[in-house]
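Subject: Structure handover

Hello,

Here is the structure we discussed, followed by notes on what was found in it. Please read the notes with the coordinates open.

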Amino acid sequence: MAVIDRGWSWVVSAACFVNMLCVIGLYRASGVIYSAIIDTFGVTREEATWPFSLAGTIGLLVSVCNGILCQLFTIRTIAISATLVSSIGLALCFTAHEVLPLTIYLGFIYGKLSINSIILYRIKIYIIWNITGFGIGIINVSCLIITCQYFKKYKTIAIGVLYAGTATGSFILPPLIEYLLKIYGLRGTFLILSGICLQGMVAAALYRPQELDDAKPNKCEEKLKFASKPAQIISKWVIIFRFRIFYLIWITYAVYHFTYFIFPTVIVDYASDLNIKTNKGVFLLSGYCIGDLCGRLSCGWATDVLRIKKKYVIIASFLLQAVILLITPFYNSYIFLMFVSAGVGYFTGCLMPQWPVIFADYLGLTHLPFAIGTVLTLTGFLPFCFPYIIGYYRDIKGSYSSLYFTCAGINLLAVLLWSLEHLFVDRPINSPS
């Protein structure tokens with residue numbers, strides 16, 4: 001018998017919290033490691049962005065595999081395996097000082113860069129970091145699926161708790177990583193972070209998968225029957241493209257992901273440009289993560305308890321985040337930047353739990369693994385642009401100010417699109433609240 005919104009459901013929610021903290025929380029501390037790569041390897045900011053951009057890309061691109069994996073293995077097996085892969089990837093970064101002549105990879109990654117200007121041992125860390133990115137992509141979607149299986153009424157709250165693990169890790173890990181870098185250096189720090197990541201396997205062992213059962217069929221859905229398993233899997237994947245709302249969610253998730261990646265990656269360096277010392281700048285990430293954590297935990301109460309429509313929460317979050325980003329370049333005090341970081345973090349946190357919930361509401365649990373995986377995979381091509389964008393604004397234009405204006409503009413685009421949400425709705429499987 002399925003257990004929904006009670007009992008073991010909250011044990012699974014807590015397990016997802018720990019798994020996200022130990023694995024994806026490490027990735028969210030990218031701002032500190034980003035600065036360490038610049039100092040350790042003497043690279044440009046554009047080059048230093050590549051490990052994290054590609055890790056995010058790989059993590060998003062492999063997300064579509066979750067739909068297939070869920071047809072073949074249990075969520076528990078998938079989550080444990082992915083956590084192990086992430087830990088191995090971080091541990092291998094310890095060997096990043098060795099020479100690794102991968103010409104094909106260099107050509108693919110560095111396109112316009114001169115190979116003669118690249119130290120090959122530096123690139124090994126880029127490659128191995130993306131092994132971790134593979135594990136991150138699988139773990140992220142696995143935690144979302146298992147949470148949606150166990151919750152209905154309190155789904156947004158539960159997903160907020162899940163994502164609070166990422167925010168909590170992002171809050172406590174930057175100062176820890178800063179300390180480890182001083183004591184053990186970049187390579188030794190990766191080895192210790194691998195051990196932290198490995199703790200997520202214990203949490204994943206607590207998952208008890210339940211069957212994905214749907215409510216009523218949607219008019220977009222056709223009951224296609226195939227004898228072969230591959231044909232059945234393909235039919236379940238193709239059908240999500242028949243929902244108009246799928247495209248709205250995809251586009252606005254890409255807008256959300258742009259700010260989600262760009263802001264925490266550059267905020268420490270932006271503070272450095274304003275003559276704020278790095279040991280103080282890293283606490284801007286902590287402020288961002290505190291706001292993020294509060295947003296993830298509070299938005300569920302707004303939608304599940306106060307019954308505020310998710311559409312309005314999404315519109316308000318994008319709008320207020322745009323306002324904060326617009327005023328950021330006009331002030332340069334450390335206190336103001338702390339409020340900016342906390343504000344952007346809060347509204348990013350409010351948006352984070354909404355995506356899997358609106359997928360489940362509009363498309364149903366049956367389509368959830370493929371819908372989430374496909375959107376993350378399609379968005380996975382976006383981070384290829386991030387190093388060039390960051391490099392253009394900072395290394396060429398000499399300032400991050402215009403980058404903040406750009407982030408604000410695309411957030412306003414998301415506000416406009418969600419204001420027109422009624423034009424994209426076919427007929428929801430479950431009426432979203």
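To begin with helix α15: this helix is mostly covered, with 13 of its 18 residues buried. Helix α15 runs over residues 334-351 and reaches 26 Å from its first C-alpha to its last, close to the 26 Å expected at 1.5 Å a residue. Please keep in mind that this is a predicted model.

Overall composition

The chain has 19 helices and zero strands. Of its 433 residues, 57% are buried. Taking the contacts between residues at least 6 apart in sequence, 86% join residues at least 24 apart.

Helix α16 and its contact with α9

Helix α16 covers residues 354-363. Ten of the ten residues of α16 are buried, so this helix is largely enclosed by the rest of the structure. The buried set includes Trp 355, Ile 358, Phe 359, Asp 361 and Tyr 362. After α16 comes Gly 364, with a positive phi near 95°.

Helix α9, residues 155-198, packs against α16 at an angle of about 145°, and the two axes are 9 Å apart. The crossing of α9 and α16 is right-handed. On the α9 side the contact is made by Lys 155, Thr 156 and Ile 159, and on the α16 side by Gln 354, Pro 356, Val 357 and Ala 360. By class, the residues of this contact are four nonpolar, two polar and one charged.

Lys 155

Lys 155 belongs to α9 and also takes part in the contact with α16. Is Lys 155 buried or exposed? Its relative accessibility is 8%, and the cut-off for buried is under 20%, so Lys 155 counts as buried. Leaving aside neighbours within four places in sequence, Lys 155 touches Cys 148, Asp 304, Val 357, Ala 360 and Leu 365. Of these, Val 357 and Ala 360 are among the α16 residues in the helix contact.

Asn 140 sits in helix α8, which spans residues 120-150. With a relative accessibility of 14%, Asn 140 counts as buried. Apart from neighbours within four places in sequence, Asn 140 is in contact with Met 20, Ile 24, Tyr 163 and Leu 376. For Ile 24, the separation from Asn 140 is 116 residues in sequence and 7.8 Å in space, C-alpha to C-alpha.

Met 20 is one of the buried residues of helix α1, along with others including Val 12, Ala 15, Cys 16 and Asn 19. Helix α1 has 15 residues, 8-22, and a first-to-last C-alpha reach of 21 Å, close to the 21 Å expected at 1.5 Å a residue.

Two polar contacts of buried side chains

Asp 269 lies in helix α12, and at 8% relative accessibility Asp 269 counts as buried. Its side chain makes a polar contact of 2.7 Å with the side chain of Tyr 400.

Arg 394 is in helix α18, residues 386-396. Arg 394 is buried, at a relative accessible area of 16%. A polar contact of 2.8 Å joins its side chain to that of Asp 273.

Which loops hold Asn 275 and Arg 307? Asn 275 is in the loop between α12 (244-273) and α13 (278-305). Arg 307 is in the loop between α13 and α14 (310-327).

The phi of Asn 275 is near 65°, a positive value in a residue other than glycine. Arg 307, also not a glycine, has a positive phi of about 65°. As for accessibility, Asn 275 counts as exposed at 72%, whereas Arg 307 is partly exposed, with a relative accessible area of 47%.

Regards

Notes. Residues are numbered from 1 along each chain as its sequence is written. This is a predicted model: local features need pLDDT of at least 70, side-chain atom pairs count only at pLDDT 80 or more; totals for chains, interfaces and linings use all residues. Side-chain values use heavy atoms; hydrogens and water are left out. Helices (H or I, at least four residues) and strands (E, at least two) are DSSP runs, numbered from the N terminus. The expected span of a helix is 1.5 Å times one less than its number of residues. Buried means under 20% relative accessible area, exposed over 50%, partly exposed in between (1.4 Å probe, protein chains only). A polar contact is a pair of N or O atoms within 3.5 Å; within protein, one must be able to donate a hydrogen and the other to accept it, and residues adjacent in sequence count only if both atoms are side-chain atoms. Contact means heavy atoms within 4.5 Å. Axes are lines fitted to C-alpha atoms, for helices over the stretch in contact, and angles run from 0 to 180 degrees between N-to-C directions. A crossing is left-handed if the near helix is turned anticlockwise from the far one by less than a right angle, and right-handed if clockwise. Ala, Val, Leu, Ile, Met, Phe, Trp, Tyr, Cys and Pro count as nonpolar, Asp, Glu, Lys and Arg as charged, and the others, Gly among them, as polar.
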